[in-house]
Each structure stands twice: as C-alpha cells, then as structure tokens.
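Here is a short report for a reader new to this structure. Take a look at the model before reading on.

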Amino acid sequence: MKILYGVQGTGHGHLVRSASLVRQLRERGHEVHCLLTGREPSAVPDVGRFAPYTALRGFTGYARGGRLRIVESALGLRIPRFFQNVREFDATGFELVVTDYEPVAGWIARRHRLPSIGLGHLYAFAQSLGLGWRARPAQVLVGSFARLYTPVQRAIGLHWHPFGGTCLPPTIPPEVRSAPEVRDDRVVVYLPGESEASISALFHRFERTRFAVYRPVAEPVEIGNVVLRPHDRECFLADLAEASGVITNAGFSLPSEALHLGRRLLVKPIRRHPEQFLNGLALEALGLGTVAARLSPEVVEAWLDSPMPAPMNYPDVTRLLVDWIDRGNWDRTDELVEDAWNEVSWSPR
C-alpha cells in the first residue's frame with residue numbers, strides 16, 4: 001500500500017512517534033512517503049529516517065517566557081501558501097493518508113477524497129473528557145480546531161485515560177520502553193520557555209538534588225548542583241532512566257514517558273495554551289502529577305518530598321496501530337481501543 005504520512009515537525013513528540021510508525025510500516029512492506037512541515041529539514045534531528053520526504057512550510061506556533069505568543073503565531077501564518085501547497089501536491093497513487101496532526105496531509109486527503117487517519121494527542125479533545133466546567137471552553141476550542149486544522153475521516157486520540165472514547169494510551173518510543181529501572185536523586189528539567197537565570201536561581205536552593213537542565217547551549221555547563229546540557233536525545237534518555245523526577249511544561253510526550261517509567265512529575269502549563277491547560281487538569285483529575293502555575297521554592301520542595309509513583313508500563317501502542325493499519329479494516333476502532341487498554345492495569349484514584 002502506498003501511504004502519505006504527514007509529520008508535524010514542530011514538536012519532538014510528533015517526530016519520535018512518526019519515525020517509529022513510519023519505520024514499522026515500511027518493515028511491513030508499505031511504501032511510505034513523508035510530508036514534513038513546521039520546521040526546516042536541517043533543524044530536524046536525523047531527518048534521513050523520514051526519507052523519501054517532501055518538506056513544506058505548514059504552520060507553527062511561538063512561545064516565549066512561559067507564554068504562547070498569539071500575535072507572533074498569527075503573523076507567522078502563510079495561509080495562501082498553505083492552500084497552494086495542498087493544490088500543487090501530486091497525490092497520484094496514494095491509497096491512504098496518515099497524519100500525526102500535520103495539516104497539509106489532512107487537507108490533501110480531503111481534496112483528493114483519500115482515506116485518512118489522524119493520530120495524536122489533540123484528537124482526544126474531540127470527545128468528552130469529563131474534566132468539569134473549567135475545561136469546557138478550552139476543550140471546545142481545541143476539539144473544534146483539530147477537526148478544522150487536520151480534517152480526517154478517522155481520528156485516533158492519545159491520552160492518559162480512555163475517557164470512554166476513541167482514545168489510546170501514549171505511544172512510548174522503544175528506547176524509553178527498554179530503559180533500565182535505575183533511579184538516583186537526579187531531576188530532569190525541560191522548560192524551553194523559561195529563562196536560564198530564573199531556572200538556575202530556583203534549583204540552586206536544593207543543594208542535595210542534582211538537576212539536569214536541557215537548554216540550547218553548545219556544551220554542558222555545571223554550576224553546583226545544576227548541569228545545563230545541550231539537546232541530545234541519547235544523553236537525555238540516560239538522564240531520564242536514572243532520574244527520580246521530571247519537571248517540564250504540560251505537553252504530552254515527555255510527561256507520558258515519565259509516567260511510563262514511574263517518575264515523579266511536576267508540570268507548569270504554558271500560559272494561554274489551551275492544550276497544556278487541559279493536560280494540567282487531566283493530570284490533577286487522574287492523580288498522576290503535580291501541576292503548578294508558578295514554580296516557587298515551596299512547590300518544588302513539596303514535590304521533591306512526595307512519594308514515588310508506580311510505573312504505568314503502557315503497552316506497545318505503536319505496534320497495535322501498525323497492526324490495525326496493516327489489516328485495512330479502519331472502521332473497527334473499538335477493537336483497537338479495547339486491546340490497548342486491556343494491557344493497562346492502572347485506574348484513576
């Protein structure tokens with residue numbers, strides 16, 4: 001089967017999940033051509049794993065200082081160019097479009113009336129999550145936007161709970177699934193929107209805890225109990241495997257990896273970011289992590305003293321998805337969802 005696979009380049013989680021699914025689909029004998037948008041190919045780590053691919057602009061957003069910058073994001077849109085890309089793409093011979101929340105592929109599928117499948121966290125918000133009235137406006141916004149942003153025939157959401165809909169557990173990459181259960185007092189920190197000075201000043205207060213802080217630095221810099229590390233996936237995974245906790249924003253991929261391994265989780269949702277606001281509410285409702293609007297010394301100290309959680313041990317969702325796509329019976333999502341959650345023994349408190 002000839003498959004067009006839309007890869008959203010704006011987030012690390014999209015790239016990791018897409019790379020694994022594309023590789024396994026090719027191993028099954030499918031011809032997969034990737035459509036990579038949202039980031040220049042030169043800025044995509046190991047971009048060769050997606051080849052052959054077509055790189056287009058797509059859409060992206062901008063965050064700085066812990067906030068989503070709405071005006072900058074809006075000014076960066078090139079909507080006429082977007083639809084020109086959709087019109088000009090040669091979809092001859094493709095039998096299926098799969099998109100990891102990548103919009104150009106979704107609109108190509110709609111234009112050419114091709115079977116289409118959407119995979120990703122944001123598709124989960126198109127169903128009822130039962131998070132109360134506070135979540136309703138943001139969920140309506142995110143869920144409606146998802147249907148417009150990447151129109152697909154079958155949307156498969158990913159989340160930390162099934163919520164009674166077409167929703168699978170998170171996809172955990174193989175290198176995380178095989179991580180050893182070794183823990184020390186290390187804490188992994190990934191807060192790209194925060195200033196380096198504020199992060200260092202906060203964590204220097206906790207001298208008995210070592211913090212591995214990932215920043216856009218050229219080489220590691222160690223100052224007391226805080227080590228600033230450049231972005232390096234292999235080094236990051238080694239730190240994550242040995243860490244007792246993770247401090248990050250309220251995205252989806254890194255919190256999911258922390259939950260899978262059984263690491264303490266402290267998240268600070270990016271302000272004005274509806275997806276992260278909803279993720280924070282879900283983590284609190286499910287009792288899976290600590291959510292803070294501001295990372296104060298008191299919040300960090302209480303979190304460091306909290307008990308260690310049990311590993312979630314999510315199933316190999318990537319394999320289940322590839323099996324389901326390979327079978328070709330794409331209307332039977334109920335069996336896919338049931339098989340995935342039957343392997344998860346955890347239930348919310």
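The report covers the basis of the model, a helix pair, a cavity, a pocket and a loop.

## Basis

This is a predicted model, where local features need pLDDT of at least 70 and side-chain atom pairs count only at pLDDT 80 or more, while totals for chains, interfaces and linings use all residues. Residues are numbered from 1 along each chain as its sequence is written, and side-chain values use heavy atoms, with hydrogens and water left out.

## Helices H5 and H10

Helix H5 spans residues 136-149 and helix H10 spans residues 274-286. Helices (H or I, at least four residues) and strands (E, at least two) are DSSP runs, numbered from the N terminus. The axes of H5 and H10 come within 9 Å and cross at roughly 125 degrees. That makes H5 oblique to H10. Axes are lines fitted to C-alpha atoms, for helices over the stretch in contact, and angles run from 0 to 180 degrees between N-to-C directions. Angles under 35 degrees count as roughly parallel, over 145 as roughly antiparallel, 65 to 115 as roughly perpendicular and the rest as oblique.

H5 contributes Ala138, Gln139, Leu141 and Val142 to the contact (heavy atoms within 4.5 Å). H10 contributes Pro274, Glu275, Phe277 and Leu278.

## The largest cavity

The structure holds one cavity of 30 Å³ or more. The largest cavity has a volume of about 90 Å³. On a 1 Å grid over the protein atoms alone, a cavity is a set of points where a 1.4 Å probe fits but cannot get out, and a pocket is an open set with protein on both sides within 12 Å along at least five of seven lines; lining residues have an atom within 4 Å of a point. Grid points are joined across faces, edges and corners, and a volume is the space filled by probe spheres set on the points.

Helices H1 (12-27) and H9 (253-261) each supply at least two lining residues of this cavity. H1 gives the most, with four residues. The lining includes His12, Arg17, Phe252 and Glu257.

## The second largest pocket

The second largest pocket has a volume of about 380 Å³. It is lined by 21 residues, and the closest to its centre are Gly287, Leu288, Gly289, Pro307 and Pro309. H9, strand S15 (264-267) and H10 each give two or more residues to this lining.

## The loop between S2 and S3

Pro52 sits in the loop between strand S2 (31-37) and strand S3 (53-55). The peptide bond from Ala51 to Pro52 is cis, with omega near 0 degrees. Asp46 lies in the loop between S2 and S3. Asp46 has a positive phi of about 50 degrees, although it is not a glycine.
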